[in-house]
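Here is a short note for a colleague who is opening this entry for the first time. The points can be read alongside the sequence and the model.

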Amino acid sequence: MTSQPTSTLISPPPAEASPAATAEAPDLRGNHPGAEWWRTAVIYQIYPRSFADASGDGIGDLPGVTAHLDDLRSLGVDAVWLSPFYRSPQHDAGYDVADYRDIDPLFGTLDDFDTMLAAAHARGIRVIVDLVPNHSSDQHVWFQEALAAEPGSPARARYLFRDGRGPAGDEPPNNWESVFGGPAWTRTTNPDGTPGQWYLHLFDTTQPDFDWANPEVQDEFRGILRFWLDRGVDGFRVDVAHGLVKTDGLPDHVPAASTAEPAADSMGGGDDDVPYWGQDGVHEIYRDWHRVLAEYDGDRALCAEAWLPTVDRTAEWVRSDEMHQAFNFPYLMTEWDAPAIREVISESLRAFPAVGAPATWVLSNHDVVRHASRLALTAENPQGHGIGPSSPGQPIPEVGLRRARAATTVMLALPGSAYVYQGEELGLPEVIELPGEVRQDPTWFRTDGERYGRDGCRVPIPWTADGAAYGFNTTGASWLPQPAEWAALARDAQEGDPDSTLWLYRQLLATRRAEGLGAGELTWLDGYGDDVIAFRNGNVTVIANASDAAVPLPAGTVLVSSGPLQASGRAGALPVDTAVWMLSD
Ligand code: NOJ
């Protein structure tokens, strides 16, 4: 069968993104008063340590972000979300915050932040920062005070210190496990060298959990929100937004018989009642924060990182007086399977609007196997704990990339807001071959290498095929090694290639904007077969083939295609693992 496009209308990538279409003119920062930009925005996740490194020390930084804002503008995104850049000993890549009101010297200074924010706003790009309220670093001044203080003191009451069980108190206070593996409790040592109380850490030992029942903790975070809102940020992505409140008395976790995987290491995605995930009391915190944000102009927004088993549960985080968005992890976790994808889309478009919120869509982030590899994993190796050289069921790169391009073509046609993770616009796969000695994810260490963890999706991204560290910096240093194959995936190598993934993303984003798809409505189309995803959104018909044979295309103009089409009959055929956007005749 030949492989040539039929009636394909390929337009060049836009030189510049145009402002989002809204009734009212934007202000100087690109804000559209009253438009609630977050309902339809495409938000690009910057993982600062791996985006661009202006200082040349091998770790990306804020000046690096500023230097590439024009590239994000030409890509056509509406906003960026930056993973943490706060002062931190970096035991969990910055999700262990020692000072919530300062920038870590690795990433720059507060002045660098202000420069980056102003430069983004001048280009009409909004900026969301990451807020990490479940835990601090063990180097946070509060935790250091707590360690030096007596059991029962106000300093200890900001965290969750408890006596151990057993006659000598040498067993942890309960059976909770860390998401990264091992127990969720660490015992302290008293000043005289004797063993002391234990403290809770749902993640690494270096990430003690706050006690959110303590009004001092609540006040402190109101102050942190205001600190960044006053600087002008457009919102917050809220880390572990389902974990802040724990069941009173911290009872043992009794897994439900139906839970195949222990809830601890699944970040809360199981279906049993876990005493630290999704407790009712957590919503009061977000109602409070909602009121804080509402005092500010410019539609500031909160987005929940809450790993919950269903979209209905997730929608509880975006009721009208709580957060504005929640990541749609049930969508991310769905395999390349048309009935399953249709179901999660339908559920999402029912559940989120039912509480007045937009549906959101996401396929990759810094915690999961990149979707250009994940969508080709087999049942032998389900997603979840990272993949490495000895994982069974290795993905076939060509299949993964084809499916990733098709899946993104579906995602960016959906009504609501979408998140794109840095590097997916280049079609980057997971880096599987990282040797153990370079891995840095605490998951790798806490499980003695049993779980590879997340380093494979965090490798610094390639900008130029010939540059040092592929243009990540000018020195060639890189905190994780970049694979040799990435020269071909570098942004400049894709610039001149209309078939590249970069061009695909630009076409999708420009067309999504021009056709107003984010604010549109989805209607399912019948007649394409169970293994094909087909729907209309406004003028655009979307057809994605997840079956194992080509399917005939209807007559019409192809606006964007995720891969080559086949000549067949009048209108052509859509190959396996390919998706198109068409204007219907
Ligand atoms: C979720 C973040 O996305 C992840 O990277 C981090 O390790 C945990 N929360 C703990 O903060």
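**Notes on the ligand site, the domains and the salt bridges**

1. Start at the ligand. The side chain of Asp 92 places an N or O atom 2.6 Å from an oxygen atom of the ligand. The model is a predicted one, and this distance, like the others below, is computed from it.

2. Two further side chains come up at the ligand. For Asp 239, an N or O atom of the side chain is 2.7 Å from a ligand oxygen atom. For Arg 237, a polar side-chain atom is 2.9 Å from an oxygen atom of the ligand.

3. How many residues surround the ligand? There are 14 of them, and the closest are Asp 92, Arg 237, Asp 239, His 366 and Asp 367.

4. Domain 1 is made of two stretches, 33–136 and 214–505, while domain 2 covers 141–200. Taken over C-alpha atoms, the centres of domain 1 and domain 2 are 30 Å apart.

5. The next point is the contact between the domains. On the side of domain 1, 24 residues take part, and they touch 20 residues of domain 2. About 1,800 Å² is buried between domain 1 and domain 2, with 56% of this area coming from carbon and sulfur atoms. Of the area that domain 1 buries against domain 2, Leu 250, Asp 252 and Arg 446 supply 32%, more than any other three residues.

6. Which polar and charged pairs join the domains? Between domain 1 and domain 2 there are 11 residue pairs in polar contact, counting pairs with both residues at pLDDT 80 or more. Helix H5 (215–231) and helix H12 (442–446) are the elements that give two or more residues to the side of domain 1 that touches domain 2. That side divides into 10 nonpolar, five polar and nine charged residues.

7. Salt bridges between domain 1 and domain 2 number two. Arg 158 and Glu 216 form a salt bridge, in which the closest N and O atoms are 2.9 Å apart.

8. Over the whole structure, the count of salt bridges is 36. In one of them, Arg 491 pairs with Asp 71, at 4.0 Å from N to O. This pair connects distant parts of the chain, since Arg 491 is in helix H13 (residues 491–495) and Asp 71 is in helix H2 (residues 69–75), 420 residues apart.

Technical notes: Residues are numbered from 1 along each chain as its sequence is written. This is a predicted model: local features need pLDDT of at least 70, side-chain atom pairs count only at pLDDT 80 or more; totals for chains, interfaces and linings use all residues. Side-chain values use heavy atoms; hydrogens and water are left out. Domain bounds come from an automatic or database domain assignment. Contact means heavy atoms within 4.5 Å. Buried area is the accessible area (1.4 Å probe) that two parts lose on being put together, summed over both. A salt bridge is a side-chain nitrogen of Lys or Arg within 4 Å of a carboxyl oxygen of Asp or Glu. A polar contact is a pair of N or O atoms within 3.5 Å; within protein, one must be able to donate a hydrogen and the other to accept it, and residues adjacent in sequence count only if both atoms are side-chain atoms. Helices (H or I, at least four residues) and strands (E, at least two) are DSSP runs, numbered from the N terminus. Ala, Val, Leu, Ile, Met, Phe, Trp, Tyr, Cys and Pro count as nonpolar, Asp, Glu, Lys and Arg as charged, and the others, Gly among them, as polar. A residue is near a molecule or strand if one of its heavy atoms lies within 4 Å of it.
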